[in-house]
Amino acid sequence: MASLLRRKGKNLSLLLVYTLLVFLLASVLLYTQALRKEATLVLANSPEIIVQRLVAGRHAFIPAQYLKQLGDVRGVTYTQGRLWGYYYDPVVKANYTLMATGNKGLAVHEIAIGAGIARTRQLTVGDYLSLRNARGAPETLRVKEILYPDSELLSADLMLLNPESWRQFFAVPQAVYTDLTLAVRNPAEINKVAEKIVQRLPDTRPILKSEILRSYDAVFSWREGLVSLLLSVALLAFVIFAWDKASGLSAEERREIGILKAIGWETSDVLRMKLWEGAIVSLTAFLSGYLLAYAHIFFTSAALLTPILKGWAVLYPEFHVIPYIDYLQVATLFFFTVVPYAVATLIPIWKAAITDPDEVMR
Amino acid sequence: MLNPVIIALLIVASLDTLMLLIAAGFALRILRHWDIQSGSELQIRLEQQTYLIATLVGFAFITELLSLLLFVYNADALSSQFVGAMCATGVLNVNPWGWPTLISKIIVFFFAALWLALNFIDRQAEDYPLVRIKYGLLLLIAPLMLSVWSFQLKYFLGLNPAVITSCCGSLFSADARGIAAEVSSLTPRTGMLLFYVGGIAVMISGLWYLRKQRTALIFGMCSIGAFITAIIGIVSFVALYIYAHPHHHCPFCILKSGHDFKGYWLYLPLFSATALAISSSAVAVTQRIPSLRTQAKKTARKFGWLALLLYGIFYLLSSWMVLTSNLTLENLWL
Amino acid sequence: MNTHLLHLENVTKTFNQGRPNEYSALRGISLDIPAYQATCIIGPSGSGKTTLLSTIACLARPTAGRIYLREKPISNLPENFLAKIRRSTFGFIFQRFNLISGLTVLENIVLPAYPLGLPQHKLLQRAFALLDQFDLKNRAEHRVEWLSGGEAQRTAICRALINDPAIVIADEPSANLDSALTAELLEIFTQLRAAGKTLLITSHDPIIHEAAAIDMRVEMRDGEVRSIA
Ligand SMILES: Nc1ncnc2c1ncn2[C@@H]1O[C@H](COP(=O)(O)OP(=O)(O)O)[C@@H](O)[C@H]1O
Ligand SMILES: [Mg+2]
């Protein structure tokens, strides 16, 4: 109603704080959701089973002859050994993932690097990068390619080498791998296959893709939950603020409500008017906050949030996700913001609505 | 498990519980001191509090309805995080508190609807004749809400991702045990019979009541019966046709996008019709109070017709879904 | 039986019941107010005139006693019914015009009709008829803060009349008016009375209560009726 617009000034600060809150919450939710989507995308191409060898409970190199034995397990269609490891680069204080690959056509001393490494070390194709190998001697590597995959999330810190160079670099003997990957014909048999592997090779541990997916999901959920919990504290502050705003009824407003009641309005008419007023404020703040967050995440790649959620990683991935709206998320956000606001203002609104009509006569 | 939806649901349930407890506190005072004839300041204050109570209950009603939807939708969305869960059924099965939470939420929803209807009609009479009944009922709803809150809390706290749960495939199958299994082990024929007998009973009792202005209570009873038989019917009969699969009994999968959200088209009319029918019947009973005669009659009829309309939509829609399905079950008509 | 429009039986109003500052503003008032006449309640400040008026006009409920409106008891109705009676039977003219600032003349006038849920065109039709009658037509879209005293007063009167009340209540209507406006007001009261309204006015301004338009004078003192003339 018109009477709301008159008090623009009073509602403006509330509207601003409210919008800001929705914006923050929505940004966090949208962002973690986007991250989770990315991770799922990445894992979609990863092997169904990874087999590691454990020695004294720790991850150890796995002998190459295990490949043969695993290939004999019924249901396994394809086996491959992987070579990978971490390298700490003191120049940029970051960890790279060094992985061997045979199908990039890399010669000895040639590498392909993730976009994150390229950015921080300011490398382009043809440049040279010098790293210290396992014996402490410097080794110069030529950048042959920079990787720009669909998703940068997991490949930002990736460095691909030819298997020979890899073994040389880390001083790892020929007959071992870091771990082995298997493909299984029938997805329903994966659990069976994993059981058989443990029986045949008791010193190994099979890791299933579904397990990784699940733990990823749980980790993201958990992080998101933690951040939401922090924001709930902000929410609480906001609720107190809203309560205060709603109960701080000016003499002017009291008089107006008194007049309205004297000329025939009932408590419930006043209540209804005030609730409408609250609803309009809520919806405006909610919509504008959400739209702002949407623009923030999808059009500016979460410029404000990146440092917080991904940790202060040097090689943080830059990523652009396709904009989309998840209704469950909108509903959650609505419950997180509008409902507490409404509850906080209910009692003050009621208090205002029961103003005695005969007050205007005095 | 901390997940934003869960936190939101917990917050809303806590707020609703708090509000209903506050309302119940006021209700106690009203029950103790109410005297409509008095012009004392206490009485005037109590009257002012009735507005607050109505607002609180109305608010709890709306948010509980929304959170019921969110709860089911979220259970569905969580199914990827539990081994063995394909839809909400599996997630509700993760621990023993899932189903009590859902059912108590539904019950609170119906009670709140009933309360709002009684409150509406009570305020039409100058002597507020239902004050005692109304606030007595509220004293019942508050603990109910408290139990929703505690069930839900236990349920969410007990959501252990390591649990391997069983989903609709095994819960709603003839070989399992328990109510769900018994419901699904009904042949589609029995399910269909129950479904339509419930429907016919509620329609006839409703029409009878609306024409003769009597037997409103029977209408109310029939609507509760029809609600139960409709759910049984959906599980053991309608769902099969929606999934086009003779052994897929699940009341939740029909809510998924893969089935065009057909579930919402069924549940929304069914829930509203039941709430309206129960309210209509309760309001009709209050016709006996002299000061309410005309108003109660009018309101009860309005609710009654609306309920019948929604029942009509529900039964027609579900029949239409059955008829247009690709599934043909043998033995159905034997 | 009693055929008066309003009939009061032993009405009392006690403020701050049960507390040390308990005060009885009305002490057993019994009174009949006839229809279609102008009644003026007179008495010194603090004698309970305003309290009596708000009790009669359903703004407040009496602590004890009964009030009948056209033989229907209204003293112990719950608030929603009081509000209903208030808006259909009584029109209010307050001491200070009590217009809501920020709204236009038209918006102020239709406020009392808002809870009736009438269709828009009916509402406007009524409002414009009144604006016409009180010579405010070209002010309809003006904010009320910018009105002259006379216009504000007429706006307040229009607002009181929008729901076509049987009884018009005016509490000290001339308290803030100069003599010209008071004369105009008296003129309007005469018109209203001629149009079949019942007027209930409080005033200790002799210009009002000595006016020819007043049919009955009720004198109050310390919450009791002193004399009726
Ligand atoms: N809400 C109230 N609380 C306490 N005392 C009141 C209240 N309203 C009025 N009074 C007291 O009642 C008495 C009568 O007031 P009122 O009816 O306004 O007199 P009048 O209009 O004749 O000047 C005054 O003494 C005033 O102080
Ligand atoms: Mg006075």
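**View 1. The interface of chain B and chain A.** Chain B and chain A together bury about 2700 Å², and 79% of this area lies on carbon and sulfur atoms. The model shown here, as in the views that follow, is a predicted one. To this contact chain B contributes 29 residues, while chain A contributes 30 residues. With regard to polar links across the interface of chain B and chain A, the rule finds 3 residue pairs in polar contact, both residues of each pair being at pLDDT 80 or more. On the side of chain B that touches chain A, at least two residues are supplied by each of α1 (4–33) and α2 of chain B. It is α2(B) that gives the largest share of this side, namely 14 residues.

**View 2. The salt bridge between chain B and chain A.** Across the interface of chain B and chain A, the rule finds 1 salt bridge. A salt bridge joins E266(A) to R123(B), and the closest N and O atoms of these two residues are 2.8 Å apart.

**View 3. The interface of chain A and chain C.** Between them, chain A and chain C bury about 2200 Å², with 62% of that area on carbon and sulfur atoms. In this contact, 22 residues of chain A meet 26 residues of chain C. The elements α1 (2–6), α8 (251–262) and α9 (267–299) of chain A each provide at least two residues of the side of chain A that touches chain C. Of that side of chain A, the largest share, amounting to 7 residues, comes from α8(A).

**View 4. A nonpolar patch on the surface of chain B.** The residues I62(B), L66(B), L69(B) and L268(B) form a nonpolar patch on the surface, and together they have about 320 Å² of accessible area. Helix α2 of chain B, which spans residues 41–77, gives the most to the nonpolar patch, contributing 3 residues.

**View 5. L66(B) within the nonpolar patch.** L66(B), one of the residues that form the nonpolar patch, is found in helix α2 of chain B. The relative accessible area of L66(B) is 32%, and L66(B) is therefore classed as partly exposed, because this term covers values between the under 20% of buried residues and the over 50% of exposed ones.

Key: Residues are numbered from 1 along each chain as its sequence is written. Chains are lettered from A and ligands numbered from 1 in the order in which they are written. This is a predicted model: local features need pLDDT of at least 70, side-chain atom pairs count only at pLDDT 80 or more; totals for chains, interfaces and linings use all residues. Side-chain values use heavy atoms; hydrogens and water are left out. Patches are made of residues with over 30% relative accessible area and no salt bridge: like charges are joined within 9 Å, nonpolar side chains (Val, Leu, Ile, Met, Phe, Trp, Tyr) within 5 Å. Accessible areas come from the Shrake-Rupley method with a 1.4 Å probe; for residues, only the protein chains shown count as cover. A salt bridge is a side-chain nitrogen of Lys or Arg within 4 Å of a carboxyl oxygen of Asp or Glu. Helices (H or I, at least four residues) and strands (E, at least two) are DSSP runs, numbered from the N terminus. Buried means under 20% relative accessible area, exposed over 50%, partly exposed in between (1.4 Å probe, protein chains only). Contact means heavy atoms within 4.5 Å. Buried area is the accessible area (1.4 Å probe) that two parts lose on being put together, summed over both. A polar contact is a pair of N or O atoms within 3.5 Å; within protein, one must be able to donate a hydrogen and the other to accept it, and residues adjacent in sequence count only if both atoms are side-chain atoms.
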